[in-house]
Amino acid sequence: MGLMQQTKMMEGFPIPVWEWSRQLAEITHDYPHRVEDFAKSYSRNQFIAKTWMLEALKVYADLDRATKWWIMGSWYGSITVPLIRNTFKPTNKIHLLDFDKEALDIARKLHGDYAISTHHIDVNWEMKRLSKLKADVWINTSCEHMYPLTEEFNPNGLCVFQSTNFAKDPSHINCCKDLDEFIEQCNFKEILYSGEKPFHDWDDIHKRFMVIGYK
Amino acid sequence: MIHVFSVRWGTKYSIDYVNRLYNMVKRNLRADFKFYCQTDDTQGMDTNIVALPFLDELPNSTPEKMYASQEFITGLPRLWDRPKLNYWKPNGWGITGQKMYFDLDLIIQNSLLPIIKLHKDKPLIGRSWWHNMDDEKKPFWLKNYGARCNGGMMMWNDEQGKSLWRDLKKNAEKIYFICTGGSDNWITYRHFDKFDKIPPRYYYSFNRGCEWPHDTDMHRHRKNKIVCVFNTDEYGRNKHFQLELHQAERNYKWVQEYWQ
């Protein structure tokens, strides 16, 4: 592919961050109203949340190249998609679901149609239908933005959910006050892992929660 | 016959708001109409106004039940203006035909006829033309389930209200949970394209202006327009300078002239 070969050091990067350079230039031109949002998708905070998830999955879940990944509220998949691809080398496309159509359009350009399949779906209203799909892993790191997945969402696959108690953001319509409340909301039959981390650097009150298990 | 609705609960707005709204409608609606107020407090209410009880078909939708419920976020009930949803019930209270709704905190400056003429195949609703439309395009607007319409004034008939009422009957609890901002957020999120919008040549906001980006001065009288809403909220532009209608009345003679 082209004259310029990637260096060994570049090949060692878990995420091809140079792709963001090209993508950011395109977004600035085609979607100027999304520049800030795209930048936020690979903030330090987002890196901590997503790498925490992948580290936990490596330890607590039995996953391989054939695993079928579905990501709810995927946004651009900026960090999650390359981390999954780098860590698990999936043979199937990773499925991204979001009600933000432009975010999915950008995601396809960012990751390539060979790597992902996008679905313009509002999870709030499609939980029962999604439950019937044959997926191995359901990721939702945006539970705080959505209606609780407690009753209507009952898939067979492994569920990896994150939420927070940071209620000051008006888009956080579904915060949980602590990890116990989030565990209760997840309504899992079997829990493989649960934990919490600071949500940001400003205080130790606000947390991000993660629960991995089966419904 | 046009059925004109309003709603009042709690103590934020005095009974004067209802009576003056009725007077403004009477002055500006040259057609047969009946004026209703959904309320449980009729003390001091003009005897020409028909009081309607709060419907109880949607869960926790009466003010009493709404405030008793646990469904609060940032100090307010989720979807805090639930009684307003009752108007979408076809044949609600046994009333059928062409319907019009007004919030209490607005003034009607001129004849309503040009707006009434716009009501055709779709229900009609105000649009927040004063919003920064560049902001509306930004992802945070979608993520916040943000409103783009302004339900200060609406027109519809029973047939046009059916699909909205079906949505409410089936999904009320989920809608309350998601649309924390209010009924305008619900309409934007679930039904926006089903509505025609009242154009900015007839509709503006005392606290926000008329149409972004060229006509956004707040507190400015636009005398040729028909409806002036007084929407105030904590996220609004210049929120510290926003005035409720009764506050504006004390400071602006032109408001006094209309609001009586």
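The following dialogue discusses how to read several features of a predicted model.

Visitor: The model is predicted. Which secondary structure elements make up chain A and chain B?

Guide: Chain A contains eight helices and seven strands. Chain B contains nine helices and twelve strands.

Visitor: What share of the residues is buried in chain A, and what share in chain B?

Guide: In this analysis a residue is buried if 20 or more other C-beta atoms lie within 10 Å of its own. Buried residues form 39% of the 215 residues in chain A and 43% of the 260 residues in chain B. A further reading concerns contacts with a separation of 6 or more: residues 24 or more positions apart account for 60% of these in chain A and for 73% in chain B.

Visitor: How does one read the sides of a helix, and which residues of helix 4 of chain A are buried?

Guide: An α-helix has 3.6 residues a turn, so residues three or four places apart point the same way. In helix 4 of chain A, the buried residues are A:K50, A:M53 and A:L57. They lie on the same side of helix 4 of chain A because they cover an arc of only 55 degrees around the axis. The face turned away from this buried side carries the exposed residues A:R44, A:E55, A:K58 and A:V59.

Visitor: What covers the buried residues of helix 4 of chain A?

Guide: The cover includes helix 5 (80-88), strand 5 (158-164) and strand 7 (207-214) of chain A. As for its length, helix 4 (residues 44-60) of chain A has 17 residues and reaches 24 Å from its first C-alpha to its last, close to the 24 Å expected at 1.5 Å a residue.

Visitor: Does helix 2 of chain A lie largely in the open or largely enclosed?

Guide: Of the 13 residues of helix 2 of chain A, the number buried is one, so this helix lies largely in the open. At 1.5 Å a residue, helix 2 (residues 18-30) of chain A should span 18 Å, and its end C-alpha atoms are 19 Å apart, which agrees.

Visitor: How many residues of strand 2 of chain A are buried?

Guide: Five of the five residues of strand 2 (residues 94-98) of chain A are buried, so the strand is largely enclosed by the rest of the structure. Both of its faces are covered: A:I94, A:L96 and A:D98 are buried on one side, and A:H95 and A:L97 on the other.

Visitor: Which strand is joined to strand 2 of chain A, and do the two run parallel or antiparallel?

Guide: Strand 1 (residues 69-72) of chain A is joined to strand 2 of chain A by three bridges, and the two run parallel. One pairing can be located directly: A:L97 in strand 2 of chain A is the bridge partner of A:M72.

Visitor: Where is B:D16 placed?

Guide: B:D16 belongs to helix 1 (residues 15-28) of chain B. With 15 C-beta neighbours inside 10 Å, B:D16 counts as partly exposed. B:D16 and B:H246 are 230 residues apart along the chain, and their C-alpha atoms are separated by 9.7 Å.

Visitor: How many residues does each chain bring to the contact between them?

Guide: Chain B contributes 13 residues and chain A contributes eleven residues. On the side of chain B that touches chain A, helix 4 (133-137), helix 5 (139-143) and helix 6 (158-178) of chain B each supply at least two residues. Helix 5 of chain B gives the most, with four residues. The residues on this side of chain B divide into six nonpolar, two polar and five charged.

Conventions: Residues numbered from 1 in each chain as written. Chains lettered and ligands numbered in written order. Predicted model: local features only at pLDDT ≥ 70, side-chain atom pairs only at ≥ 80, totals over all residues. Contact = placed C-beta atoms within 7 Å. Nonpolar A, V, L, I, M, F, W, Y, C, P; charged D, E, K, R; others polar. Buried ≥ 20, exposed ≤ 12 C-beta atoms within 10 Å, placed from the backbone. Expected span 1.5 Å × (residues − 1). Arc of directions from axis to C-beta. Pairing = 2+ DSSP bridges.
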